[in-house]
Amino acid sequence: HSNREMWFRDFFPANMCPINAKADTFYGIMFDAGSTGTRIHIYTFVQKSPENLPELEGEIFESVKPGLSAYADQPEKGAETVKRLLDMAIDAVPPHLWKTTPVVLKATAGLRLLSEEKAQALLLEVREVFEESPFLVPEDSVSIMDGSYEGILAWITVNFLTGQLSGQNQHTVGTLDLGGASTQITFLPRFEETFKETPGDFLTSFEMFNSTYKLYTHSYLGFGLKAARLATLGALNMEAVDGQMFRSSCLPKQLEAEWHFGGVKYRYGGNKEGETGFEPCYLEVLKVVKGKLHQPDEIRGSSFYAFSYYYDRAVDTNLIDYEQGGVLEVKDFERKAKEVCDNMERYNSASPFLCMDLTYITALLKEGFGFRDNTLLQLTKKVNNIETSWTLGATFHLLQSLGLTY
Ligand SMILES: Nc1nc2c(ncn2[C@@H]2O[C@H](COP(=O)(O)OP(=O)(O)O)[C@@H](O)[C@H]2O)c(=O)[nH]1
Ligand SMILES: [Ca+2]
């Protein structure tokens, strides 16, 4: 293999490599246009010498809310939020490297749910912002990412950061991402049975770091945490929601409020007269997930890395520490859901959706994917100070395709 194909091989912990005085730094800028927010990840790499391959040195991260899809009818205003984040990169990247630093934006489920016309208008405005910047704008620099890549690239990120893609003994870990509008599950099947039982479009071969991985991955559109709230309320994909009140047993009895998502306003409230609490809520949420997801047998006994809203809701309910993360069992989410749903007055100061969110997470894991009560979930926000996001995997892929490293 040529050196060029191997550049990524030594991306590993800096302390394992000799310090080289002729350190050469380069950058990659990746935007995540998610359904609930837009984020910039500016990655720094160091090429210590021509013989040594570059190492990931660090990340600068910033985010804004709401996401691009909230600007469905004001694409210029949406692009303005991207511009403000890109201005950070102007400060972070030394001027002499601007024109060799690639900038890419990939949109996920928020834009997938918009009409083609509105989504393209947003992407066009963002593309103009990029063209006006001093950075390298590759072809297809602004696009909606395919859901299967979202899962694969997050899997690459987590397994790279945990050191599973290097060396001989690779014990890769599966990943669970719960976004606002979609959710992904990805793992490397170990059993031949899994390949036989799995629908073809759930299996994707992916080449990275000189290996080919045949991964199980799927992105479920409409099964993100916020989309699931709407589905539970019966408001998902409704044409006209104006003025209509959506009620649920998962919400505080007396609650009546408004909520904006994907540029639409929803009115929602508690079951004033009817039941509330975990039992009726679980039944409501079950209708959203039961029988809707593929359940690979193989995952029942294995542990997974979980991030995004799995992490956020575990933090909100003190199941894990915000900085440290932690290891949970699926049944910990269920226990917490019961505690919150059956004492909604006590948790009123937190989000009114806390009961619904925890119940949904429980149902998604158990009845959706088919995990066991005692399945271990490693909740992680950062590994070695790098965000666990598909954006790092996407940046490796980008640099590789541009041959930017030599
Ligand atoms: N760990 C981590 N979580 C992130 C990052 N960016 C967004 N998230 C989480 O992703 C969730 C929101 O999902 P979002 O990307 O907006 O929706 P999607 O389009 O459906 O994927 C929230 O829980 C965020 O905290 C990141 O860089 N690192
Ligand atoms: Ca996301």
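What we have is a predicted model, where local features need pLDDT of at least 70, side-chain atom pairs count only at pLDDT 80 or more, and totals for chains, interfaces and linings use all residues. Residues are numbered from 1 along each chain as its sequence is written, while chains are lettered from A and ligands numbered from 1 in the order in which they are written.

Let's start with the domains. The assignment gives domain 1 (4-145) and domain 2 (146-243 + 285-389); such bounds come from an automatic or database domain assignment. Taken over C-alpha atoms, their centres are 25 Å apart. In the contact between them, 18 residues come from domain 1 and 16 residues from domain 2, and by contact I mean C-beta atoms, placed from the backbone, within 7 Å.

What supplies the domain 1 side that touches domain 2? Strand 3 (55-64) and helix 2 (109-112) each put in at least two residues, and helix 2 gives the most, with three residues. Helices here are DSSP runs of H or I with at least four residues, strands are E runs of at least two, and both are numbered from the N terminus. Sorted by class, that side of domain 1 has seven nonpolar, six polar and five charged residues. For the classes, Ala, Val, Leu, Ile, Met, Phe, Trp, Tyr, Cys and Pro count as nonpolar, Asp, Glu, Lys and Arg as charged, and the others, Gly among them, as polar.

On to the core. The largest nonpolar core has 111 residues, and Val126, Ala306, Tyr310 and Cys355 have the most contacts inside it. Helix 10 (residues 354-369) gives the most to this core, with 10 residues. Where does the core lie? Both domain 1 and domain 2 give residues to it, so it lies between them. A core like this is a set of buried Ala, Val, Leu, Ile, Met, Phe, Trp, Tyr and Cys residues joined through C-beta atoms within 7 Å. Buried means 20 or more other C-beta atoms within 10 Å of the residue's own, exposed means 12 or fewer, and partly exposed is in between, with C-beta atoms placed from the backbone. Val126, for one, touches Ala79, Val82, Leu105 and Val142, not counting residues up to four places away in sequence.

Now the ligand. Ligand 1 is surrounded by 23 residues, the closest being Gly34, Thr36, Thr108, Gly179 and Ser308; a residue is near if its C-beta atom, placed from the backbone, lies within 6 Å. Helix 2, strand 13 (304-308) and helix 8 (309-316) each supply at least two residues of that shell. The shell divides into four nonpolar, 14 polar and five charged residues. Since domain 1 and domain 2 both give residues to the shell, it lies between them.

Then the annotation. An unreviewed UniProt entry lists Gly180, Ala181, Ser182, Thr183 and Gln184 under "binding site"; positions follow the numbering used here, feature names are shortened, and annotations may be inferred rather than shown by experiment. Thr183 lies in strand 7 (residues 182-187), and it counts as buried because 31 other C-beta atoms lie within 10 Å. Gln184 lies in strand 7 too, and is buried with 28 such atoms within 10 Å.

Last, Gly274, in the loop between strand 12 (264-270) and helix 7 (278-289). Buried or exposed? Gly274 counts as exposed, with 11 C-beta neighbours inside 10 Å.

Key: Contact = placed C-beta atoms within 7 Å.
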